[in-house]
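Subject: A structure for you to look at

Hi there,

Here is the structure I promised to pass on to you. Please open it next to this email, and then read on for what I found in it.

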Amino acid sequence: MSKKANKSTTFTKPNLQEKSIDFSDHICTVIITLYLLIEMSPKIEIQDQMGLHWLLIAALNFLSLSYIFSNKNLIDPFQLKSVFRNAISIPYLLFTFISGVSIILALNPVEGLVVYSRVLTTVLAFLVLGVLLFNKLHLIKNIALVITFLALMQGFESVTYFYKNVNKTPIDVLINDLQGTTGNKNVFAAAFIIKLPFIIYCIITRRSLLKVVAILSLFLCLFSVFLINARAAFLGLILELTIITIGMAYLRWKDLKSKKHLFNTSYIIVVLLLSFMVSQHSLKNATKDKSSTYGTVATRLGTLAEQNTSETNIRLAYWKKSIDLIKEKPFIGVGLGNWKLYTPLYTNTILDDNVFSKHPHNDFIEVAGETGVPNALIYLSIFIIAFYLTVKILSSDRSLEAKTIAIITFAALSGYFVDAFFNFPAERPNIQFLFALALALFIVSWRNGKPLFIVSSTNKPLKVFAGLAILLCISTIYVNAMVFNSSRAQYKVDNDLAAIDGIDTAMPKLKYEDVNLMFPEMPNIGENSETIGFKKAKYLQKEKRFDEAIKLLDSVHYQMPNLVYGDYLKCNIYLEKKQLDSAFKYGKKAAYAKPRHFYYFRMASYLARVHKDVKEVQKLFNQYNKYRKDQQSYSYYAESLFYSDYSKTEVKKIVNEGLKLYPTDATMLGLKPYLP
């Protein structure tokens with residue numbers, strides 16, 4: 001028999017209503033619930049909670065795939081082909097492949113592997129969901145209900161926390177504390193935004209008590225988003241509600257049976273207005289003194305119009321500088337995970353002191369910078385294709401339920417898209433799982449209306465996939481476990497060092513040998529963007545093992561070559577060794593590389609005045625003053641000139657000018673009696 005004859009045996013067209021709930025449906029719901037619960041895992045003592053969350057997702061991927069491959073009824077070659085070969089999965093997997101290849105070009109391949117393990121963890125979760133939900137689109141009702149209950153708890157916790165502390169804690173601090181276990185309020189708000197379409201779906205599909213629960217969940221989620229004051233979340237909310245409103249209006253126009261959507265829409269509008277009015281009243285009262293960075297929704301969105309240049313908007317400044325960097329390697333990028341190595345080149349003149357941004361606050365720009373512009377376009381195409389397929393579904397003859405699901409899942413993807421445009425959700429595990437879930441549901445929704453040709457085939461592709469998937473799972477668990485252990489070590493070490501910060505004679509509790517053993521091989525860059533080697537060198541410095549500290553700093557320089565903190569550490573070490581020329585050399589290097597850093601400026605200026613180098617004192621101040629004008633720098637500049645044998649007449653002029661700007665400055669007032 002010819003091969004062609006083997007390729008068509010049965011034709012079916014699946015229906016959302018044709019399958020009754022069976023035991024495998026319950027298992028599938030439980031697995032997805034476990035994924036969603038990871039975000040709510042209790043905080044533990046690690047530097048960033050995402051270390052724990054990534055490890056748990058990777059472990060659950062392994063358990064889920066083990067379950068899938070041990071049950072032959074759950075997967076067959078056709079299912080595998082359906083999950084892999086579709087208009088969304090192909091660009092997504094191609095993006096993943098190119099991202100992995102880019103590590104070959106990375107200056108710090110270890111950091112590339114750390115980030116790639118997260119990419120693979122997300123892709124594996126996506127494939128798990130695609131297989132589990134294949135021909136089980138009816139389970140979206142269960143999934144939406146689980147999300148609704150979890151969001152209800154998170155929203156309730158956020159709102160009650162706000163009102164318990166609104167008159168006890170500064171409002172800026174309070175709003176920043178609304179972050180759940182994510183460690184970041186913007187991430188917390190973005191998660192709410194992606195969940196909102198599923199809560200709305202629950203309102204649409206559930207009745208009686210469950211509908212009431214969904215309405216309450218929507219109220220608390222919207223209330224939390226308004227309180228958190230994240231502008232990207234506001235824009236995501238506006239886009240999602242626009243998509244859902246237009247989509248539902250279209251369904252109503254095409255199908256009179258969708259009249260029930262009008263009643264559900266009225267519930268949503270009432271909840272939106274109520275949560276908006278109550279939250280804005282509370283925020284208005286809490287920010288009466290106008291000293292807060294935050295405010296009402298109108299105030300926050302109004303700042304978008306005001307901050308329309310790179311001089312007034314830090315994101316625009318990031319993007320502008322980032323594009324300049326992308327132009328240097330537009331096709332190949334700098335390697336996955338290596339963007340942070342280059343960020344000092346464009347942030348050193350726009351960020352003060354130790355403020356550091358690992359990301360350009362736009363995932364598409366970051367992908368372009370790390371893996372090339374073509375790969376960024378492939379990544380962007382996922383959302384463009386999703387929009388196109390949504391339009392096709394709505395204009396097809398599919399059921400009202402199928403069209404509703406398409407609108408809901410596309411709205412969730414749109415919420416993610418907005419966050420990816422203004423933030424960096426690719427790093428955050430809870431957002432990545434929600435992205436994988438929305439993407440898998442969207443694909444299953446699209447494939448659900450396609451004719452299914454059941455194909456007789458061998459199990460060889462299935463075995464290859466099983467072997468590769470399990471191998472990748474084990475690899476991601478291994479890398480994420482090391483990152484988790486490193487995050488625990490960073491927490492202990494950073495707190496140990498912070499306890500003695502600014503106390504020259506104090507000694508940390510830990511010893512270098514202990515610290516050295518605490519850290520695994522990867523990552524080699526900490527969550528605060530300094531290399532692990534820098535942390536170890538501080539202990540060597542405290543133990544007066546100066547030569548070892550300098551040798552260690554030199555050995556890890558390539559890991560973060562544009563971060564000048566290593567030079568500042570060397571400056572301090574040479575200062576302790578009384579090698580003032582070397583200290584001066586590295587002090588100047590740090591000050592000129594990061595001209596907005598006051599402590600770098602002060603150290604270099606001090607060493608310049610020790611060397612009686614008046615010209616260097618002036619040069620350092622002019623460089624600092626070009627980017628940042630403040631009292632502390634002017635005061636120290638005048639003091640440095642005074643002790644540098646500079647003409648006292650000229651110093652007097654500088655002090656007099658300074659006192660016009662800062663009339664109460666104690667240092668300059670103290671110098672006046674000693675000037676002619």
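Asparagine 229 is buried, with a relative accessible area of 0%; buried means under 20% relative accessible area, exposed means over 50%, and partly exposed is in between (1.4 Å probe, protein chains only). You will find asparagine 229 in the loop between α9 (208-228) and α10 (231-254). Helices here are DSSP runs of H or I with at least four residues, strands are runs of E with at least two, and both are numbered from the N terminus. The phi of asparagine 229 is near 70°, which is positive in a residue other than glycine.

Before you go further, please keep in mind that this is a predicted model, where local features need pLDDT of at least 70 and side-chain atom pairs count only at pLDDT 80 or more, while totals for chains, interfaces and linings use all residues. Residues are numbered from 1 along each chain as its sequence is written, and side-chain values use heavy atoms, with hydrogens and water left out.

Now the loop between α28 and α29. Aspartate 645 sits in the loop between α28 (631-642) and α29 (648-661), and although it is not a glycine, its phi is positive at about 60°. Is aspartate 645 buried or exposed? With a relative accessible area of 59%, aspartate 645 is exposed. Serine 644 is found in the loop between α28 and α29 too, but serine 644 counts as buried, at 2% relative accessibility. The side chain of serine 644 reaches the backbone oxygen of serine 640 at 2.4 Å. That is a polar contact: a pair of N or O atoms within 3.5 Å, where within protein one must be able to donate a hydrogen and the other to accept it, and residues adjacent in sequence count only if both atoms are side-chain atoms. Leaving aside neighbours within four places in sequence, serine 644 is in contact (heavy atoms within 4.5 Å) with Arg609, Lys612, Val614 and Val617.

Next, have a look at a covered helix. In α16 (residues 363-371), nine of the nine residues are buried, including Phe364, Ile365 and Val367. Which helices do the buried residues of α16 pack against? They pack against α4 (89-101), α13 (314-326), α14 (339-342), α17 (373-394) and α18 (400-422). The N-terminal end of α16 is capped by asparagine 362, with a side-chain oxygen 2.9 Å from the backbone nitrogen of phenylalanine 364. After α16 comes glycine 372, with a positive phi near 105°.

Glutamine 490 lies in α20 (residues 460-498) and is buried, with a relative accessible area of 2%. Not counting residues up to four places away in sequence, glutamine 490 touches Gln47, Asn495, Phe519, Gly526, Glu527, Ile532 and Lys535. From C-alpha to C-alpha, glutamine 490 and valine 515 are 9.4 Å apart in space, and they are 25 residues apart in sequence.

Asparagine 430, in α19 (residues 429-448), counts as buried at 8% relative accessibility. The side chain of asparagine 430 makes a polar contact with the side chain of glutamate 39, at 3.3 Å. Apart from neighbours within four places in sequence, asparagine 430 is in contact with Glu39, Thr182, Val187 and Ala191.

Proline 523 lies in the loop between α21 (512-518) and α22 (532-542).

Finally, the whole protein. How many helices and strands are there in the protein? There are 30 helices and two strands. The C-alpha trace spans about 100 × 60 × 45 Å along its principal axes. Buried residues make up 56% of the 676 residues. Of the contacts between residues at least 6 apart in sequence, 77% join residues at least 24 apart.

The protein has 76 positive and 51 negative side chains, and the centres of the two sets lie 8 Å apart. Lys and Arg count as positive and Asp and Glu as negative, while His and the chain ends are not counted; each charge is placed at NZ of Lys, CZ of Arg, CG of Asp or CD of Glu.

Enjoy exploring!

Best wishes
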